[in-house]
Amino acid sequence: MEFATFTERAAAIEAEPADLEIADRVRALLEESAAGGSSDERGNGDRVADELEILARFVQGRIFPAWDSTTLDIGPSSCYEAIARAAGTNVGPADVEDRLAELGEIGEVAASYEYGGQQGLGAFTESADGADEDALTVREVDRTLRDLAAADGDGSADRKIDILFGLFNRCASEEARYLARLVLSEMRIGVGEGTVRDAIAAAFDVPTERVERALQVSNDYGRVARVARDDGREGLDAMDLEVGRPVQAMLAQTGTVTDALEEWSEAAVEWKYDGARVQLHYDPGAGETDEPASETRVFSRNMEDVTEALPEVVEFAEERLDRPAILDGEVVAVDEEGSPLPFQEVLKRFRRKHDVAKAREDVTVKPVFFDCLHADGADLLESPLTDRHDRLVELLADGDDTDSAVDASDEIRGLSLLWQTDDPEEIEAIDADALEAGHEGIMLKDPDSTYSPGRRGKHWRKRKPDVETLDCVVTGAEWGEGRRATFLGTFELSVRTDDSGESLETVGKVATGITDETLADLSDLLEPHIAAEEGQEVELAPEVVFEVGYEEIQSSPTYSSGYALRFPRFQGVRHDKGPADADSIERLERLQGH
Ligand SMILES: Nc1ncnc2c1ncn2[C@@H]1O[C@H](COP(=O)(O)OP(=O)(O)OP(=O)(O)O)[C@@H](O)[C@H]1O
């Protein structure tokens with residue numbers, strides 16, 4: 001197909017306001033190409049890219065499949081320079097920028113020039129299709145842009161500009177409009193992923209959900225379109241995950257413990273690690289030589305290849321895995337004792353391309369895996385969470401000490417723990433442990449759910465951040481046990497029932513969200529206010545006010561106010577407040593009403 005034909009179709013799609021019509025036009029475009037023949041071989045044996053594959057990508061403004069981290073690596077100013085050179089001797093990059101300021105969009109700017117006056121200065125004359133020697137074809141644009149992407153090393157910046165100039169120089173103004181947009185990832189003709197999915201299904205008469213599944217495992221619209229055309233539904237169903245090709249990450253909604261336990265008979269509870277999402281792909285290699293070449297790739301949540309930046313994850317894979325696997329997890333930055341650091345520290349490491357060894361000395365990262373998408377030849381996307389977790393344990397356990405793989409104290413093993421329970425108290429305790437260990441809190445997951453790449457469904461819930469906080473008077477506490485015997489903990493919280501703050505009623509106890517260091521400070525702060533003691537129980541004179549978060553307020557006979565805070569969490573001491581400034585029972589009533 002000539003590139004001019006593609007750009008005509010793109011313009012028609014862009015001008016079309018109705019979604020259904022757009023999908024239909026994309027279908028027609030895919031069919032048009034399909035009729036034009038399938039993949040063929042060039043004389044030298046290289047596979048010539050299938051035109052249909054290219055169109056399925058171009059129409060979304062993509063040159064490479066979503067799983068592929070390759071970029072053109074050419075900035076806007078280089079693109080302006082290429083346009084300027086192709087537009088003639090009187091045009092400079094500054095003119096292009098001026099027009100951009102005026103017209104606001106690079107396609108419009110590119111289309112406003114006449115090209116082709118610069119023959120002989122790097123212009124291409126070869127045509128893969130051979131029809132019209134001078135007409136640019138879709139394949140040729142794709143191949144040339146791939147050559148441009150591959151240019152690296154000394155002088156590559158200039159070479160890229162030369163290559164792009166060569167393309168613009170062969171463009172008519174309308175072709176230049178879409179070429180510029182393609183190069184700068186600004187296609188924006190209103191074609192989303194769902195549109196292309198539906199168009200593939202309609203063009204090749206295959207069920208949409210089979211196309212969807214094939215897209216989930218491959219992240220490659222081009223390939224899925226080709227397989228749908230050549231092998232139909234069977235071909236799509238035979239597409240599997242490939243170790244080395246990233247899958248979109250399953251995402252979480254916010255939710256409460258109450259919701260989770262209402263919807264599922266039991267909840268799978270995991271710690272929520274505060275780091276950055278990683279997907280680990282490990283292939284142990286052929287295993288035929290003494291030292292098989294294993295291959296490890298690490299991808300970010302956006303499927304970007306971050307392997308080089310995270311050598312710790314590669315080392316982890318090489319030490320701990322011996323079978324092909326795709327694992328989903330989080331990298332966490334840790335201090336010298338192995339305690340987690342805020343996630344901003346991970347970001348310092350994540351996209352680092354230079355001086356990785358130095359960066360590693362400053363901030364160490366550790367991976368923790370919570371899911372397994374592929375293990376030893378078996379794709380697990382359709383398996384329930386609990387089975388996937390079992391496979392994860394099998395893969396990461398060191399054979400003979402399987403038990404320690406589920407030891408909560410040893411999360412350095414890189415395996416996230418999973419508890420299955422329907423008991424809110426147990427969930428609260430897991431949350432408390434997670435916070436105490438310095439993590440973000442908990443994730444709640446449906447134990448029976450499958451893995452849905454790219455979906456923010458109801459099956460994964462991150463515990464809702466507390467929307468409101470309450471300022472409560474601390475009226476009691478308990479002495480801790482073991483290493484915490486000298487600390488006060490489990491603080492009794494009360495609210496005001498009058499303006500003076502002299503009359504108080506209890507509303508709950510908070511033990512969650514407090515580090516040992518803070519407990520020591522709180523003990524120092526509260527000890528002078530101890531009014532009475534009995535066993536471990538301590539009564540405190542109402543002096544100190546805590547700010548606490550909570551999940552919800554329930555009516556409950558447990559506390560004297562008649563209300564109970566569900567999942568209260570310590571946020572801080574309100575040194576600026578006394579009992580008279582604490583929250584009142586009226587506010588509790590109002591908040592519960594909402
Ligand atoms: N046990 C776990 N299970 C799933 N995700 C976890 C777990 N521990 C930590 N996470 C991280 O939590 C993220 C989901 O939480 P959150 O939504 O807060 O992340 P975000 O990236 O800030 O925002 P969002 O995903 O909503 O765009 C996951 O993408 C993952 O990186």
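**Exercise 1. Describe the shell of residues around the ligand in this predicted model.**

Step 1. A residue is near a molecule if its C-beta atom, placed from the backbone, lies within 6 Å of it. The ligand is surrounded by 13 residues, of which Glu-270, Tyr-273, Arg-277, Phe-370 and Met-443 are the closest.

Step 2. Strands are DSSP runs of E with at least two residues, helices are runs of H or I with at least four, and both are numbered from the N terminus. Two or more shell residues come from each of strand S1 (251–255) and strand S2 (267–272). S2 gives the most, with three residues.

Step 3. By residue class, the shell holds seven nonpolar, one polar and five charged residues. Here Ala, Val, Leu, Ile, Met, Phe, Trp, Tyr, Cys and Pro count as nonpolar, Asp, Glu, Lys and Arg as charged, and the others, Gly among them, as polar.

Two conventions apply. Residues are numbered from 1 along each chain as its sequence is written. As the model is predicted, local features need pLDDT of at least 70 and side-chain atom pairs count only at pLDDT 80 or more, while totals for chains, interfaces and linings use all residues.

**Exercise 2. Summarise the chain and the confidence of its prediction.**

Step 1. The chain has 20 helices and 19 strands. Among contacts with a separation of 6 or more, 68% join residues 24 or more positions apart.

Step 2. The mean pLDDT (the predictor's confidence in each residue, from 0 to 100) is 89, and 89% of residues reach 70 or more. Residues 120–131 have pLDDT below 50, with 22 contacts in the model beyond near neighbours in sequence. Residues 399–412 are also below 50, with 13 such contacts.

Step 3. For the complex, the predictor gives an ipTM of 0.96 and a pTM of 0.80.

Key. Contact = placed C-beta atoms within 7 Å.
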